[in-house]
Amino acid sequence: MDQLRALKYFIKVVETGSFTHAAKSFSVPASSLSRRVADLETSLGATLLKRSTRAVSLTEIGAEYYQQVSQLLLQLEQSNEAVRTYQTEPMGKLRISAMVGIGREVLIPLLDEFSRLYPKVILDIELSDELSSVGRDDVDIAIRGGYAPNDRVMAIRLMDNQFIPAATQQYLDTMGTPTHPSELQDHKGLYYRSPNGRVPWLSKINGQWQDVSAPVAAISNVGEWLIAKAKQHQGILMMPRWVLSPFLASSELTELHFEPPLSATQSEDFGVYLIYQKHRYHVPKVKAAVDFLVARIKHA
């Protein structure tokens, strides 16, 4: 039995909760992967996984074994990566996952320059608003808007993700220009939907955060559609400043100012973050991409 391969299969089953999903990760039949894990259990004389038609879970001894072998395999991977870093030229496939809006507006315009600088790096770019794990999903780098991730990964704050309210001047001339959050009840709201749900409109009134959202006119995770509706004078929109800046500069939209101000979050940690695993920074292709994106976005 190839024990190293069996251990990798076992760990992936635990992480994905499914033999089928684990098998897809390795491009092998689920039956073959299942047999190797069963052979591992036989060699150990212990049942590591509880199998049912709906889910796969760890036994008590399986949980203890998983903690130990996952750390051993991580150390092995780190040792392998340390050897590979003797190769100084970035090369190979680099997978980057970014939120759709950030990917289109911020990331994609930079990639031609990156490819000219590092021609041996094969870019694999995924734009999705679904949350990705840089460990579990085989993603080298993730760019996400939201709160600071936990300390198990490296997270560099690239830019602010402040949501601002805006509308067309024609809409404001027709409906009136609100200046206090309480006046929003007489307006129409165009709402962005994040993976966590509709982004609320909040304001700190008399020392307490309150939801001051206007009546809903439309909700979508497609920012272009919401912007189009705002430009058609159909309501007030709240989206990140970096998204709306071109429309404000062209006077297609007008920024609204409230006292007290509006916000989409109560936390100062809300921003756009570049995320990667700590030990992967020493891999040339990852280091090159991290340094490039930080220089082009954070220090622009």
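Which residues is Ser 128 in contact with, leaving aside its neighbours within four places in sequence? They are Ala 98, Met 99, Val 100 and Arg 144, where contact means heavy atoms within 4.5 Å. This is a predicted model, in which local features need pLDDT of at least 70, side-chain atom pairs count only at pLDDT 80 or more, and totals for chains, interfaces and linings use all residues. Residues are numbered from 1 along each chain as its sequence is written, and side-chain values use heavy atoms, with hydrogens and water left out.

**Ser 128**
- Ser 128 sits in the loop between strand S4 (121-127) and strand S5 (141-146); helices (H or I, at least four residues) and strands (E, at least two) are DSSP runs, numbered from the N terminus.
- With a relative accessible area of 17%, Ser 128 is buried (buried is under 20% relative accessible area, exposed over 50%, partly exposed in between; 1.4 Å probe, protein chains only).

**Backbone geometry**
- Most residues other than glycine have a negative phi, and most peptide bonds are trans.
- Asn 206 is not a glycine, yet has a positive phi of about 55 degrees.
- Ser 251 also has a positive phi, near 65 degrees.
- From Glu 259 to Pro 260 the peptide bond is cis, with omega near 0 degrees.

**Where these residues lie**
- Asn 206 is in the loop between strand S10 (202-205) and strand S11 (208-211), and is exposed at 78% relative accessibility.
- Ser 251 is in the loop between helix H8 (241-249) and S14, and is exposed at 59% relative accessibility.
- Pro 260 is in the loop between strand S14 (254-255) and strand S15 (262-263).
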